[in-house]
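Here are a few notes to go with the structure, for someone opening it for the first time. Have a look at it, then read on.

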Amino acid sequence: MAQFRLNGSKMLAVDLNGETIRALNGSMVAYDGQMAFKRQGMTGGEGLRGALKRRIAGEGMTLMEITGTGTVFLASEATEVTLIPLQGDTLLVESESLLALDGQLQTGVQFIGMRGMGTGQGLATTKVEGHGTVAILSLGPAIALEVNPQMPLCVDPHAYIAHRGQLTQDVVTDVNWRTVLGQGSGESVQFRYQGHGLVYVQPAERGGILEI
């Protein structure tokens, strides 16, 4: 199995010995050894049915296959990289936050329904499952927040990256006269997670500016 490791907080190094990984198209910054790169095209490695689901849902993901022997270094716009090992479980992740994944992992589309409308996330998110490592991107270091049945978690949709475990997701709104008049929290729509698992968030909202 390919070995994923961090080279600093903003670069991923993957050691390959004949294995294949999938990575964000254009994310390769350097490599040593012998590597072959193949753009996965419109199907993204999920077949025509998967490509059709993504097109209908408006969920985009452009990946390339990397096969070889040596080490490949991956990064994207100096954003932080976090490694998430999967052992037969499932990770739901925003496609724009996906940097790389082990070639043995399966990807697909998870529909979240109309509750994604109005939050900037659309109708679906990307599902990754199986055994292997996933590398995700975040504005600032990703933070894993635990959810348990006694303590639901609410998250700003623009700070959400991914989640795993036995969790249900819905949308809660706080639109009232205090919010309209500017006396509320300023966060009128949140994702709420209930059950048992982890939710990964970033310390900056999409479209915002992170001060370093």
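1. Start with the surface. Bear in mind that this is a predicted model. The protein chain exposes about 11,000 Å², and 53% of that comes from carbon and sulfur atoms.

2. Now the inside. The chain has 212 residues, and 43% of them are buried. Among contacts with a separation of 6 or more, 79% are between residues 24 or more positions apart.

3. As for the layout, you'll find 12 strands and two helices. Reading from the N terminus, the order is β-β-β-α-β-β-β-β-β-β-β-β-α-β.

4. There are four aromatic pairs to look for. Take Tyr160 and Tyr193: their ring centres are 5.8 Å apart and their planes sit at 15 degrees, so this pair counts as stacked. Tyr160 belongs to strand β11 (residues 160–173) and Tyr193 to strand β12 (residues 189–201), so the pair ties together parts 33 residues apart in sequence. Both Tyr160 and Tyr193 are buried.

5. Tyr193 has another ring partner, Phe191. Here the centres are 6.4 Å apart and the planes are at 75 degrees, so the pair is edge-to-face. Phe191 is buried, with a relative accessible area of 0%, and Tyr193 is also buried, at 0% relative accessibility.

6. So which residues make up the aromatic cluster here? Tyr160, Phe191 and Tyr193 form one cluster.

Notes. Residues are numbered from 1 along each chain as its sequence is written. This is a predicted model: local features need pLDDT of at least 70, side-chain atom pairs count only at pLDDT 80 or more; totals for chains, interfaces and linings use all residues. Side-chain values use heavy atoms; hydrogens and water are left out. Helices (H or I, at least four residues) and strands (E, at least two) are DSSP runs, numbered from the N terminus. Buried means under 20% relative accessible area, exposed over 50%, partly exposed in between (1.4 Å probe, protein chains only). Contact means heavy atoms within 4.5 Å. Accessible areas come from the Shrake-Rupley method with a 1.4 Å probe; for residues, only the protein chains shown count as cover. Rings of Phe, Tyr and Trp (its six-membered ring) pair if their centres lie within 6.5 Å; planes under 30 degrees apart count as stacked, over 60 as edge-to-face and the rest as tilted.
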